[in-house]
Amino acid sequence: MAKLVFPKEFLWGAATASYQIEGAWNEDGKGESIWDRFAHTPGTIYENQNGDIACDHYHRYEEDVELMAEIGLKAYRFSISWPRIFPEGRGKLNPKGVYFYEKLIDKLLEKNIKPAITLYHWDLPQALEDKGGWLNRDTAKYFSEYANFMFYKFGDVVPIWITLNEPFVSAFLGYAWGWHAPGKKDMKGAFVAGHNMLLAHGLAVQAYRDGGYKGNIGITINVATVYPETNSEEDLKAAEKQDAFGNRWFIDPIFKRKYPEIIWRILEENNWSFVFPASDFDIISSPIDFMGINYYTRNIVAYDKNSHLGVKRVEGPNEHTDMGWEVYPDGLYDILIQLYRDYKIPIYITENGAAYNDTVEDGRIRDINRINYLKEHIKRAYFAIRDGVDLRGYFVWSLMDNFEWAHGYSKRFGIIYVDYNTQKRILKDSAYFYKKIIEENGVDG
Ligand code: FCB
C-alpha cells in the first residue's frame, strides 16, 4: 500500500475546550459561566450531569501534556475560559486564572507542542449574560477587550489564534433551540446574537493586527457538506438553502461582507426587523489568516414544504456514530474543495472525530471504528491537498473523552479514555494509530 505523505510542515494536533475538560468550575477566583449556570439547571443535560469536575484537567494539565507528547502531537488546540480571566467578563482581572494558562502554555512549549488558542468556545461569563449576553452589542466590545488582553499576554508565544468556535452552534442551539446555554428559544435572537458574535470576531482580529503580533488569526466554523436527495430542481434549491443557512451564514459576512440572501428572507417572512450599521461589515470582514473548519458529517436534504425553510433532512445510508451522525469521509474532501474554491484561504481542520461506545478490556480500548473513521477522513484531507487545497493542519476531536454538552459524559470522542471515577487516562488504540500517522507524516493509501 502506498503511503500518502503530507507536506512537511503539516500540523498534526488534537483539540479540547475549557468547559468540557477543565473542571474547577469555581476555583481560584473563576467566575460563573453560562454553561455552569445552564448545566446546574435541572433537566438541561443528560442525567443532570455538569462540568464541575469534568476531566479535572485544571489540576492534571501536566499529566495531560505528557500524554500529548507521548502521542507526538505537534499542536494542541484548547480554549480559554473567559470567566477564569475576567470573572465578571470585564474589569477586574483574575491573576490565578491567567497563571493557569501560563503554566499550561509553558508546559506545551517545553514539549515542543504548538499552542492553538480558541478564545471563545461557548462559556460566556454569566455576569455578561445578566446584561443580555450576545443579544447585547456591548458584549462584542467586551470580548475584544478580553481578546486584547490575551494577545498582550501570550501573543508572542502562541502562534495560532481562533476567535470563536462555531458561532452557528452558539447562536442557533443557544438562542433559537435552547439546547445549549443560555437556553433561549427565540429565532430572531439567534440572528442578533450571531451578528454580535461576528462583530466580536472582527474587533478581536483588528486588535490582533493593531498589536503587530507575528502569529495567525482565524475563526472556526462548523460545516456539513450538503447534498440534494435527488436532482430535482426543488431538491437542488433546498440544498442551496441549507448550504447558505448551515454553512455560509457565518462565512459570507467575513469574506463577502454580506449575509446570504436566506437570512434576510427569513427575517422578512417573519416581519422581524434587524438593523445594524452597514459599517459593521468593515469590521467583520477584517482579513484573517485562515479558516478553521469542524467537520463531522454531511447533510442530505430534500424539499418539503412543511419543514423549517422548506428543507427536510434525509438520513444517509452509511454507518452512524454514537451521536447518530452518518460517517461520510467524502464530505470532508468535498467541503474542502468547495471552501477553497469559494474563499481561497488557508484552512485548518480544527475538529474531526467520532463518538463510540468504547469499552475497556484488559486495560485496553480497541476502538477500531474510530481508527477507521480517522483514517478515512485523513485520507480525504490528503486528497484535498493533492488537488490544490491549502490545508495546513488537522486536529482530532478530541484529545480525551469529555463533557459532550447536552449529552454529558455519555458520548466518548477521545483518543484517550477517561475513567471519570478515578480520572485515570488510558491511550486508546486510536491514539497509537494517530501517533504512527504523526511519526510517518502520512497514512496508508
Ligand atoms: C463540536 C464542538 C465540540 C464538540 C464536538 C463533538 O460542535 O465544537 O466542542 O462538542 O462538536
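Let's start with Arg257. Arg257 is partly exposed, because its relative accessible area is 42%. Buried means under 20% relative accessible area, exposed means over 50%, and partly exposed falls in between, with a 1.4 Å probe and protein chains only. Arg257 sits in the loop between helix 11 (252–256) and helix 12 (261–269). Helices here are DSSP runs of H or I with at least four residues, strands are E runs of at least two, and both are numbered from the N terminus. Arg257 is not a glycine, yet its phi is positive, about 55°.

A word on the model. It is predicted: local features need pLDDT of at least 70, side-chain atom pairs count only at pLDDT 80 or more, and totals for chains, interfaces and linings use all residues. Residues are numbered from 1 along each chain as its sequence is written, and side-chain values use heavy atoms, with hydrogens and water left out.

Next, Lys344. Its phi is positive too, about 45°, and Lys344 is not a glycine. Look for Lys344 in the loop between helix 14 (329–343) and strand 11 (347–351). Is Lys344 buried or exposed? Lys344 is exposed, because its relative accessible area is 57%.

Now the cis peptide bonds. One joins Ala181 and Pro182, with omega about 5°. Pro182 lies in the loop between helix 8 (167–176) and helix 9. Another joins Trp397 and Ser398, with omega about 10°. Ser398 is in the loop between strand 12 (391–397) and strand 13 (416–419).

Let's step back to the whole chain. It has 16 helices and 15 strands. How does the radius of gyration fit? A compact globule of 445 residues would have one near 22 Å, and the chain has 21 Å, so the two agree. That radius is taken over C-alpha atoms, and the globule rule is 2.2 Å times the number of residues to the power 0.38. Along the principal axes, the C-alpha trace spans about 60 × 55 × 45 Å.

Contacts next. Contact means heavy atoms within 4.5 Å. Take the contacts between residues at least 6 apart in sequence: 77% of them join residues at least 24 apart.

What about the inside? Buried residues make up 62% of the 445 residues. In soluble globular proteins, nonpolar side chains tend to be buried together. A nonpolar core is a set of buried Ala, Val, Leu, Ile, Met, Phe, Trp, Tyr and Cys residues joined through side-chain atoms within 4.5 Å. The largest one here has 162 residues, and Phe143 and Phe245 have the most contacts inside it. Helix 9 (residues 187–210) gives the most to this core, 13 residues. Which residues does Phe143 touch, not counting those up to four places away in sequence? Among them are Trp82, Leu119, Trp134 and Ala200.

Now Pro83. Pro83 is in helix 4 (residues 82–85). Pro83 is buried, because its relative accessible area is 0%. Leaving aside neighbours within four places in sequence, its contacts include Lys30, Gly31, Ser33 and Asp123. Pro83 and Ser33 are 50 residues apart in sequence, but their C-alpha atoms are 6.3 Å apart in space.

Last, Lys131. Lys131 is in the loop between helix 6 (126–129) and helix 7 (138–154). Lys131 is partly exposed, because its relative accessible area is 46%. Lys131 and Ser273 are 142 residues apart in sequence, and 21 Å apart in space, C-alpha to C-alpha.
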